[in-house]
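User: Please examine the assembly shown below and answer a series of questions about how its chains are arranged.

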There are 2 protein chains.
Amino acid sequence: MTSSSSDRPGEFELIRELFAPLSKSAPGAFGLTDDAALISVSSDEELVVTVDALIEGVHFLPDDPPHTIAKKSLRVNLSDLAAKGAEPKAYLLALALPERPDRQWLRAFARGLAEDQKEFRVSLIGGDTTRTPGPLTIAITAFGAVPCGTMIRRKGAKSGDLVFVSGTIGDAGMGLDFAEVDTSRDLTIEAEALIERYRCPTPRVRLGLALRGLASAALDVSDGLIADLDHIAEVSAVRIEVDADRIPISRALMDIGGDSVELRTDAATSGDDYEIAFTAPPAKRDEILSVARKTKTQVTEIGRVMKGAGAVLLNEDGHEIPLAKKGFTHF
Amino acid sequence: MTSSSSDRPGEFELIRELFAPLSKSAPGAFGLTDDAALISVSSDEELVVTVDALIEGVHFLPDDPPHTIAKKSLRVNLSDLAAKGAEPKAYLLALALPERPDRQWLRAFARGLAEDQKEFRVSLIGGDTTRTPGPLTIAITAFGAVPCGTMIRRKGAKSGDLVFVSGTIGDAGMGLDFAEVDTSRDLTIEAEALIERYRCPTPRVRLGLALRGLASAALDVSDGLIADLDHIAEVSAVRIEVDADRIPISRALMDIGGDSVELRTDAATSGDDYEIAFTAPPAKRDEILSVARKTKTQVTEIGRVMKGAGAVLLNEDGHEIPLAKKGFTHF
C-alpha cells in the first residue's frame, strides 16, 4: 500500500478516496467495501442492463481530458438506456489502468463522473480496478428501470411508420477528424464544437423516457445512422428509407463542410453520434413533436418504414445512394 | 462484414454465430439483438451484481487454452456471487479482442462458456465486442439473486466468531509459478493439477447458498487469504487470527512444496484461490460442517475473530508471522 501522500495511490486508497464518495447515495453499494452490490427493483418495474467498454485509441484519444473520458464512458451507456426508455439508476465501473495511476489524472476522471452523476441522477455502486499492460480500458455496466413491459425494443418497426432522429448527425465523426490531428494549433469555434461532440456526447434521457408508448422501435446511434437503422430493419423485418436532405446537420458542421450529398452521406455513416433513432406510427407524429418541445430536444423526421429489408439512404430524387460502408465496424 | 466462410468473422457474425446461442434460454436477452437486456426480479428478492475484468498477461497467460480463459472469466464472478450467498442468474460479456478474431479460438472460448452455463445455470444476456490495440480483455458483469436482506456481507464478523475457508489454499499461486515457465516440458501430475487450479477455479456456489443465515461475514479469496480477511477485519472492525498450521493445503501442493511455515505463508498470501473465507459464531459450527458434507465441499476451521484490527497469520506457538505482503496488489 502506498502512503496517502504519494502522487500514485494504491488500489484500495484509490477506491476509498476517489470512488467511494461517488457511491454514497446508494445504500446497496456499501461504500464500495464489499464484493458485490445490491439492487432492489420494485415489483412493477424491470431492470434494463447494458455494458459498453471504451478503449484509449479506439473510443477516445490519449490526449482527451480525463473528465471527458469519464463522461463519455458513462454517457454512451446512459445513451443505451435512454434509447430503451429506461430511467438511469446506477452503474458499475471496471477500470484497467496502464500504469500506477496518477492522482491528478484520476481526480479529474472522478470529477467527470461526479458531475454526470448529478446531471443524470445515477450512482456508482461497484466495480473493479486492475492494471493492464495495454491501453486504458473502461467498461461501464449501467442499470436503468422501466415499468414492466414498456422497454422500447429494436424490434417493432412496422411498414408505414415514420423514422425520426434526435439532435444532429455527423458532428462527432467530423470532430474525431479534427481531434486526430494536432489540436494544439488554433481551431475555429466550429471545429472545437465538433470535437466536444466527439468527446462528450449527450444522452437523450428525458426524450427516451417520453418515447415510451410512442416509439415502435428505437436504438442509439453509435456506429452510424444507416448502420444502426439497419439493425432495426433486420430485427423488425422491414425496409427503412432515410432521405439524405432531411438528416439534421448542425450549423457547425455545415459551416465547415458545406452542404452536399457527400457531407450528408459521410454524416449518416460515421459513428459516435449517440442520438436516438426511432420509428413511430404517423398518428403519433404530433405527440412526438410535442414531447420534443417539452424535453427541449431537437427531433427530426427523416424517413419511412416500408416492406422489404435493410436501411438505405435516398437522394432528393428518391434514388438510393450507394454506400461504401453503412457505419463503423470493429472487424 | 466478412463472409461466413472466413476464418476471421466480423463483429455481428461473431455475435450471431457464437454468442447468441448462449442467450437462448433467457427471454430478456432478446437473442442479443438489442441495445440492452431486461432482468425481472421477483418482489421478495434482491439482485446482487458484480464485475471483474480479466486481462491477458495479468489474470491469465497468453498460452492458456481459450476454453479455460472463458471459464475463469465467468467463474471469478460466480465466485463473488457465491461468497455473497447469491444464486447465479445471468451475465454480460464485454470482450475486447486484440485483432480480428480467429474463428477456432473463439469457438473454443464460446464452448467454455457454454459448458459453464450448463454447470452453473446461468445465461449470457448481453455484452459488447470491440477491438483493442492492447491485450485480450474480458469484463464480465454477473447477476445473482438473494431473498431480501440475506446477502452475506463482508461486514458482520464479531469478536468470538470462528473463521473458516473452503477447499485448499495456495494451489493457484504455485500453479501460476509452473504455468509461467515453459509448460511444453514434462510436468508431474501434481504440477498439472496446480496449473489447472490457476486456470480454472471452482466457484463454491452451493456452499455459498447454504451459508445464508450461518455466516456472519464472507468474501471470496482472490488476492490472498490474509489480504482478503484483512478486508473483513477492516469493515467489521475486528482482528482476525489465522493459524498457519490449520490452513488447508492440498496433497499436490504438499507433494511439491513439502510442508513448512514458509509454504503455508506463501499459500496464505498468494492469489487466485477463489475459495470462500467466512466467519460464524461457534454455535453454528456443527451446522456449518453438516452443510459442508451436504454440498460436498471441504470446509476447514482456520482461526478466530477477536477485538482489535487487521488479519494476522500465527505460527504454532501463537506468534505472529511477519509478512512481506498480505497478498497481491495491482499497484
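Analyst: Copies are superposed by least squares on the C-alpha atoms of residues with pLDDT of at least 70 in both. This is a predicted model, in which local features need pLDDT of at least 70 and side-chain atom pairs count only at pLDDT 80 or more, while totals for chains, interfaces and linings use all residues. Residues are numbered from 1 along each chain as its sequence is written, chains are lettered from A in the order in which they are written, and side-chain values use heavy atoms, without hydrogens and water.

User: What rotation superposes chain B on chain A?

Analyst: The superposition has an RMSD of 0.0 Å and 0.0 Å of shift along the axis. That is the relation of a two-fold axis. The rotation is 180°.

User: Which residue of chain B comes closest to the rotation axis?

Analyst: The distance is taken at the C-alpha and amounts to 2.1 Å. The residue of chain B is Gly134(B).

User: What area do chain B and chain A bury between them?

Analyst: Buried area is the accessible area (1.4 Å probe) that two parts lose on being put together, summed over both. Carbon and sulfur atoms carry 62% of it, and the total is about 5,300 Å².

User: How many salt bridges are there between chain B and chain A?

Analyst: A salt bridge is a side-chain nitrogen of Lys or Arg within 4 Å of a carboxyl oxygen of Asp or Glu. Lys84(B) and Asp34(A) meet in one, at 2.5 Å from N to O. Between chain B and chain A the count is 8.

User: In β1(B), which residue is the bridge partner of Val48(A)?

Analyst: Two strands pair if DSSP finds at least two bridges between them. Strand β2 (residues 45-55) of chain A and β1(B) run antiparallel and are joined by 3 bridges. The partner of Val48(A) is Leu38(B).

Key:
Helix = DSSP H or I, 4+ residues; strand = E, 2+ residues; numbered from the N terminus.
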